[in-house]
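Q: I would like to learn how to read a predicted structure step by step. Could you take me through one?

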Amino acid sequence: MNFLKKVTTQVLPMAEAHLSLGNNSALHTSAVCCRVQSGRYRITVKRDRPLTYEMANPPHFIGHRKSWNSWNTSTLKDALRPSQTAIEDVFIRKFITGTWHALVCSEIIIKRQHNMIRIAAIIRQAISARKMYFLIGYTEELLSYWMQCPVTLEFQTVADKKDVVFKYI
Amino acid sequence: MLQVLKSLRLTQPTRFASALSSTATNIPSGSADVSAVDSGEPDKLYSKLEIELRGIDPAVLRSYTWFATTAAEHLGIELGKCWSPRKAHHERMTLLKSVHIYKKHRVQYEIRTHFRYMNFHKLTGSTLDTFLEYIERNLPEGVALQAAKTELQQLPAHLQQPPEQV
């Protein structure tokens with residue numbers, strides 16, 4: 001893969017040279033090889049996009065440098081209801097990012113043990129503790145009603161958003 | 001078979017008693033009723049408890065195996081073979097990398113399932129229930145556990161006596 005990338009960078013000046021000569025028909029285009037962009041973040045011009053550690057590592061590092069976001073047994077071999085679990089996880093993530101609006105600083109980790117769901121995330125300390133307790137109770141109550149099982153929130157808080165930033169790109 | 005049963009019966013009560021006394025401190029509430037119930041019928045005997053673990057993370061499985069075997073050691077349960085196959089099971093999906101065309105360019109996603117097996121030998125019914133519940137309650141997330149028990153039974157009555165006429 002690296003080999004191909006190097007080749008393309010070397011080919012480019014040649015293509016530009018062709019273009020400058022006005023010989024457009026000599027340029028051959030094809031589908032771009034090795035172009036993967038899912039789960040990755042683009043570099044900005046000013047290099048000021050903050051990334052957490054999770055965001056800084058592309059998906060092929062899952063299980064090596066970073067871990068999974070959903071911990072359940074439904075994706076294992078011969079396991080039951082994989083699609084339902086995935087949909088529920090998506091719903092939980094959406095609900096929490098919406099309820100804790102602009103407060104969630106990290107990925108939302110969903111851990112399922114027996115019939116219990118434990119949800120972990122890092123929250124910014126932007127609202128008062130009283131509101132935070134209300135939101136915790138509200139989220140647990142509604143989610144456990146929808147999922148029909150006990151839901152526990154295991155949130156941690158940080159004082160500032162910059163505390164979770166791993167690097168800027 | 002019968003002789004095996006007899007020798008087991010002889011050796012069991014002492015181990016059974018020691019196991020119960022040590023579980024009283026280890027086990028949280030919920031399994032206390034195991035020691036409280038004293039029914040007249042004799043306890044069942046199991047020659048083997050085989051536990052199969054499946055998980056996505058081999059490190060978690062290793063750590064959990066360590067936990068379960070250490071618990072078994074403390075309870076005085078005889079430990080059998082603990083092993084895992086060297087390679088995980090890979091379930092692969094090959095998709096087009098692009099949304100629409102470009103059939104030559106594919107992307108592969110895979111889900112790995114790691115396996116791990118544990119064997120415990122010569123347990124009584126109550127020890128097995130207590131131990132199994134203890135390790136089941138401490139099962140980490142993302143790990144599936146399957147338990148297979150092998151029960152020892154008396155020879156059926158029609159096989160104990162030789163037939164009168166052949």
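**Reading the two chains**

A: Let us begin with one helix: in α4(B), the buried residues are B:Thr127, B:Leu128, B:Thr130 and B:Phe131. A residue counts as buried if 20 or more other C-beta atoms lie within 10 Å of its own, as exposed if 12 or fewer do, and as partly exposed in between, with C-beta atoms placed from the backbone. Helices (H or I, at least four residues) and strands (E, at least two) are DSSP runs, numbered from the N terminus. Residues are numbered from 1 along each chain as its sequence is written, while chains are lettered from A and ligands numbered from 1 in the order in which they are written. This is a predicted model, in which local features need pLDDT of at least 70 and side-chain atom pairs count only at pLDDT 80 or more, whereas totals for chains, interfaces and linings use all residues.

Q: What span should the 13 residues of helix α4 of chain B have, at 1.5 Å a residue?

A: The expected span of a helix is 1.5 Å times one less than its number of residues. For α4 (residues 125-137) of chain B this gives 18 Å, and the end C-alpha atoms are 18 Å apart, which agrees.

Q: How do I read the elements of a whole chain?

A: Count the elements, and then follow their order. Chain B has five helices and five strands, which run α-α-β-α-β-β-β-α-β-α from the N terminus on. Chain A has four helices and six strands, in the order α-β-α-β-α-β-β-α-β-β from its N terminus. Of the 166 residues in chain B, 16% are buried, and of the 169 residues in chain A, 12% are buried.

Q: Which strands does β1(B) pair with?

A: Two strands pair if DSSP finds at least two bridges between them. Strand β1 (residues 45-55) of chain B pairs with β4(B) in the antiparallel sense over ten bridges, and β1(B) also pairs with β5(B) in the antiparallel sense over ten bridges. B:Leu45 illustrates both pairings, with B:Thr124 as its bridge partner in β4(B) and B:Leu152 as its bridge partner in β5(B).

Q: How many residues does each chain bring to the contact between chain A and chain B?

A: Two residues are in contact if their C-beta atoms, placed from the backbone, lie within 7 Å. Chain B brings 15 residues and chain A brings 14 residues. On the side of chain B that touches chain A, β3 (89-96), β4 (106-124) and β5 (143-152) of chain B each supply at least two residues. By class, that side of chain B has six nonpolar, five polar and four charged residues; Ala, Val, Leu, Ile, Met, Phe, Trp, Tyr, Cys and Pro count as nonpolar, Asp, Glu, Lys and Arg as charged, and the others, Gly among them, as polar.

Q: Where in chain A do A:Arg81 and A:Ala102 lie, and what is phi at each of them?

A: Most residues other than glycine have a negative phi, and most peptide bonds are trans. A:Arg81, in the loop between β2 (70-71) and α3 (82-99) of chain A, has a positive phi near 40°. A:Ala102, in the loop between α3 and β3 (109-113) of chain A, has a positive phi of about 60° although it is not a glycine.
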